[in-house]
Amino acid sequence: MTVGTKSAQDVNSLVQEVVGRHGATAEALVPILSDINQEFGYLPSETMAALSQTLRVPKSQLFSVASFYEMLSTKPRGRHVIQFCESAPCHVVGGRQVWQTLQDELGLETGETSEDGKWTLLTSSCLGICGVGPVIIVDDDIYGNVAPDGVPEILARYA
Amino acid sequence: MKPIRSLVLVSSDPESIGRGAQEVHRRLQRAIEAADLENEVVVSMVGDVGRHDALPMVIIYPEATIYGPVTPENVPFLVEEHLVERRIAAGLEASTRELSGRIAWLSARRGTLPAEQRIVLARAGLIDPENVEDYIVHDGYEALAKALTEMTPAEVINEIGKSGLKGRGGAGFPTGMKWRFVSQTDDYPKYIICNADESEPGTFKDRLILEGDPHSVIEAMAIAGYAVGANEGYIYIRGEYVLAQERLATAISQARQMGFLGETIFGSDFSFDIHIHAGAGAYICGEETALIESIEGKRGEPRSRPPYPTTHGLWGKPSVVNNVETIVNVPPIIQHGAAWYRRFGTSNSPGTKVYTILGNVNVTGLIEVPMGITLREVIAIYGKGMQDGASLKLAQTGGSSGSIVPASLQDTPLDFDSYARAGVSLGSGALLICNEDTCVVDLAKVSLNFFKRESCGKCTPCRVGTQRAYQILTAISEGVGTQQDLDDLQMLSENLTEFSHCGLGQTASVPIRDVFRHFRAEVDAHVQLKVCPAGACPMSGQLAKAA
Ligand SMILES: Cc1cc2nc3c(=O)[nH]c(=O)nc-3n(C[C@H](O)[C@H](O)[C@H](O)COP(=O)(O)O)c2cc1C
Ligand code: FES
């Protein structure tokens, strides 16, 4: 969902609902941001403004916290987000070659989003599924034991 | 409780889910109902079964037959053959060659391997993790009952102290001593924090415990609370571990309903409750003071220590922080006693250790073995040998912050003391086994890349040091490294150890130090001869890209 399709009122009521779910306490901040991020795919500045008012926390502090955590994004991402594990256990079983293929296929570097807004390519530290490395996650789909020549097939699954 | 004839378990790690495990589960339920067996057969999703070659897998007890990969279309045949006709569903069995080792924990196999012993993972994969009754049938909450009704808090701490249990989160700190520190302060409230942030590359042992046996974590935390005088607990769990979060939430609400959490537990005057706090993706939040900052809604930047969390933890109050694997050792110790626990492992490192075996071995996966087994044994017995008959070059133990251990140390017992004496560290329990095709410069580069990206940036030695070290290693791997680079690297490594604010920066120097210590000639070949003996580095002579 993009923020464009929502009115300011909707954004506000969504923020209220998420805050209601977790409570307006300091320890709820990261869970609140996670939920909003989950809803939009990132943290639109409209939601940060609404949150700042509700929690009475300066926007700068919200951004400072949000920018710290990898699962939170202050920038819009592509329709599909690819996470590639670049840690050693995946690397030594062929991850290096898979990464090369992934970059070539997409023409993207780490952290970039394609011009058509389809893909965002991210590298990640261990994704916790190293038993089947090399590992790629596309959105919520996990691919293990990935070989370089399997990459185009994986990408072709996404519209 | 209903008499159950068969227990059907469906693997539901993320990969299995991706391959349709949920649909298999749904169809199993329907087929079992259709066969009128729902009163005799229990079907359950069990998380990661420790074996990943034929997912999704269906394991049926008591026979311990393993089927896989099972598709939704296979289900009617499987139910008809195995559960109705009571014979093996031919053609669906997972290959037996792979069976050895990966599912080292199957009850049918217990005791058949030389050093196999399960304490921490005794129930994982055997019980239905969403069913509290199943946990209770398997001795669940007995240790909590014993502690609350038969022991004083001091006796509980004594027993844990006598058991010799040491922290499994990386530092190996004695758990009994940590609890004693917290119990001795009279500042209230106190907190029990379970560290389930597990983000060390190559480590997924805690996830398996959380997904497979969530009640054991709850029971253990309640015992810890009773021992030190805390009434509230937090589980700080890695944000990506969604299934584990759901399992824990279910388990906590069940425990509340049954009165294992809440007020006056087991009729005592002890009350305890637990919150789940999910992280949002930051390795540094596994460091205990960063973790506490993160719960408090801040950036997860480590605090200066001392003071330690034992006196100034969450909200400035005394807090026990224990790793998942550490704390689930507690109920069995309370139930069977410290003397029983000391029968496993070595005298200085009693108990078992859970390891993940990864890299160039035939069988990867997860094992729980007594402390003191050697790397050679792990590779031969559980890894089923090196892939393609290659030879071992090195192992990286404990993820990026562990050590790079050369093959010459493969007979050193894997326990805290033997490893410390050999100048290496056990870390979190990941064993990355590498063959001769692995280049040490490349490995150090990948490890430094990890630290560079995970450095929280608060202190300069770590932020700049990891960046710079990564750049130099990249230059060396591209064949443009100089003698000066090597000297700089050496100095950077020393500075990281000495001046970094927290453990992240301090351990970032370890891969460099180990590579210099054990593989100096190979590094020199890159710089002086411009060759990568393992053939892994690009050596293209391009200028290193500033990262
Ligand atoms: C950079 C860094 C990351 C850490 N990550 C974890 C982790 O993911 N899980 C964990 O249990 N301990 C981790 N630790 C260790 C904790 O700070 C702490 O020592 C541990 O949770 C204590 O529990 P234990 O005594 O049961 O081992 C980390 C330490 C450092 C310096
Ligand atoms: S190292 Fe790649 S998923 Fe763990």
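The model is a predicted one, in which local features need pLDDT of at least 70, side-chain atom pairs count only at pLDDT 80 or more, and totals for chains, interfaces and linings use all residues. Residues are numbered from 1 along each chain as its sequence is written, chains are lettered from A and ligands numbered from 1 in the order in which they are written, and side-chain values use heavy atoms, without hydrogens and water.

How many aromatic pairs does a search of the whole structure find? Over all chains, there are 13. Rings of Phe, Tyr and Trp (its six-membered ring) pair if their centres lie within 6.5 Å; planes under 30 degrees apart count as stacked, over 60 as edge-to-face and the rest as tilted. Phe84(A) and Trp99(A) form a stacked pair, with 5.2 Å centre to centre and 25° between the planes. Phe84(A) belongs to strand β1 (residues 80-85) of chain A and Trp99(A) to helix α5 (residues 88-106) of chain A, so this pair ties together parts 15 residues apart in sequence. Helices (H or I, at least four residues) and strands (E, at least two) are DSSP runs, numbered from the N terminus.

Phe84(A) counts as buried at 3% relative accessibility, as does Trp99(A) at 16%; buried means under 20% relative accessible area, exposed over 50% and partly exposed in between (1.4 Å probe, protein chains only).

Turning to chain B, Tyr135(B), Tyr141(B), Phe260(B) and Phe266(B) form one aromatic cluster. Finally, the charged end of Lys452(B) sits over the ring of Tyr470(B), 4.7 Å from its centre (NZ of Lys or CZ of Arg within 6 Å of the ring centre and within 35 degrees of the ring normal).
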